[in-house]
Amino acid sequence: MNTLTKEIKQEVTEAVEGKDQKSASNVRVYSPNVDVMETEEAILFRVEMPGVDQSSVEISIEKDQLILEGKFVPPAESRGQVRLAEYKEGNYFRKFTIGKAIHSDKAIAKMKNGILELTIPKMEPKKTKIEIQK
């Protein structure tokens, strides 16, 4: 198991154990389901964020930490008397440690039908040849 896989597995375990918590301000914090794939050129994240408006999604990468956030606000329209309401206002939050050198400035994010797709290109390993002194 490579380093990226171990780190992502750890993050997933933490997320599942602490799934859907409430924050200090009593706002529900959803831990979205995420698929992570790796190719030779990039790391791909597919994140479920149903009902989240694209304008509320924030993606940040600082050092080796990827943070994905979004806010869900249920529609204000009334369609009758509520009999059951399980889907409440809240924030989506996931954090990953990326154990690879990446081009964060070249990352591409797209959102469609409540699915965020993030592609982060990997950097080529830097090769340095060191000459032995005589």
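User: Which residues have the most contacts inside the largest nonpolar core?

Analyst: A nonpolar core is a set of buried Ala, Val, Leu, Ile, Met, Phe, Trp, Tyr and Cys residues joined through side-chain atoms within 4.5 Å, where buried means under 20% relative accessible area with a 1.4 Å probe, protein chains only. This is a predicted model, in which local features need pLDDT of at least 70 and side-chain atom pairs pLDDT 80 or more, while totals for chains, interfaces and linings use all residues. Residues are numbered from 1 along each chain, and side-chain values use heavy atoms, leaving out hydrogens and water. The largest such core has 19 residues, and those with the most contacts inside it are F45 and L66.

User: Is the pair formed by the rings of F45 and F96 stacked, edge-to-face or tilted?

Analyst: Rings of Phe, Tyr and Trp (its six-membered ring) pair if their centres lie within 6.5 Å, and planes under 30 degrees apart count as stacked, over 60 as edge-to-face and the rest as tilted. F45 and F96 are both buried, and their ring centres are 5.3 Å apart with the planes at 55°, so the pair is tilted.

User: How far apart in sequence are the parts that this pair ties together?

Analyst: Strands are DSSP runs (E, at least two residues), numbered from the N terminus. F45 lies in strand β4 and F96 in strand β7, so the parts tied together are apart in sequence by 51 residues.

User: What is the relative accessible area of R94?

Analyst: R94 lies in strand β7, and a polar atom of its side chain is 2.6 Å from the backbone oxygen of P32. R94 is buried, and its relative accessible area is 7%.

Conventions:
Buried means under 20% relative accessible area, exposed over 50%, partly exposed in between (1.4 Å probe, protein chains only). Helices (H or I, at least four residues) and strands (E, at least two) are DSSP runs, numbered from the N terminus. A polar contact is a pair of N or O atoms within 3.5 Å; within protein, one must be able to donate a hydrogen and the other to accept it, and residues adjacent in sequence count only if both atoms are side-chain atoms.
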